[in-house]
Amino acid sequence: SCGAPYDFFNSSAATFAFNQFITVTGDTTNDFSSFVLQCNPAESVPNRVYQLNLPTNFGSSIGVDIRLTGFDSVLEVRKTCGSPDSVVGCSDDASPPGNFGSSLRLLLNASESYYLIVSGYSSLNTGPFELSVLFSQNCLPQCDGVFCGDNFCGGNCGDCASGESCDETTYRCKSTNCQSNCTLNQCGDGGSGVDCPKV
């Protein structure tokens, strides 16, 4: 709630570094419904609030790439916790992260506080979640619809798993275990009824 928000940085065990995601985990199962979010009018949906205090030494402005996964989620960022008029961004389903997760890329003012509100699409959408934030100095990450590759702020929009590489055309991870003449450069179903044999 606004009366006792979780501190984002204190909730993570990760060491801070620019252009690396810092992740906190939580569970909204037993949380209360305190808000109706701008991009989802559903009521009685449990939500959780994280306070994000941006230090002055972060620069004049901070670009953030915020991602919420775990269930069919809704993510909202406000400057004043209890004021719906202070919303600076709201997301219901986005790619990345996909799978009904939510994400926002925003340019925020350093030395100010913001509130990250974790919620679900309906009262049935609760449970464990991961809230991840990447910070870039004076730069807005360019990751809308991009799952991997350069975020144009000195970091990445996402990393590929072992045995995969980032396709610079689709900005999605693909298997590297394909023959060089493979149609659509994929293994298995090529997506158009074309199979790509493994080496």
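Predicted model: local features only at pLDDT ≥ 70, side-chain atom pairs only at ≥ 80, totals over all residues.
1. Residues are numbered from 1 along each chain as its sequence is written, and side-chain values use heavy atoms, with hydrogens and water left out.

2. Let's take the four-stranded sheet. Strands here are DSSP runs of E, at least two residues long, numbered from the N terminus, and two of them pair if DSSP finds at least two bridges between them. The sheet is open, with the order β2-β9-β4-β7 and antiparallel pairing. β2 (22-27) and β7 (102-109) each have a single partner strand, so one side of each is left without a neighbour in the sheet. From one strand to the next, the twist averages 20° (axes are lines fitted to C-alpha atoms, and angles run from 0 to 180 degrees between N-to-C directions).

3. Now zoom in on β2. Six bridges tie β2 to β9 (residues 128-137), and the two run antiparallel. I22, for instance, has V133 in β9 as its bridge partner.

4. There's also a five-stranded sheet. This one is open too, ordered β1-β3-β8-β5-β6, but its pairing is mixed. At its edges sit β1 (6-7) and β6 (87-92), each pairing on one side only. β1 runs parallel to β3 (residues 48-53), joined by two bridges, and D7 has Q51 as its bridge partner in β3.

5. Is N151 buried or exposed? N151 is buried, with a relative accessible area of 0% (buried means under 20%, exposed over 50%, partly exposed in between, using a 1.4 Å probe and protein chains only). You'll find N151 in the loop between β9 and β10 (164-167). A polar atom of its side chain lies 2.8 Å from the backbone nitrogen of C153, and one lies 3.4 Å from the backbone nitrogen of G154. Among the residues N151 touches are N19, L134, Q142 and C157 (contact means heavy atoms within 4.5 Å).

6. Last, the largest pocket. On a 1 Å grid over the protein atoms alone, a pocket is an open set of points where a 1.4 Å probe fits, with protein on both sides within 12 Å along at least five of seven lines; lining residues have an atom within 4 Å of a point. The lining consists of F21, R67, T69, P96, P97, E130, S132 and F147. β4 (61-69) and β9 are the elements that give two or more residues to this lining.

Note on methods. Polar contact = N/O pair within 3.5 Å; in protein donor to acceptor, adjacent residues only side chain to side chain. Lists of a residue's contacts leave out its neighbours within four places in sequence.
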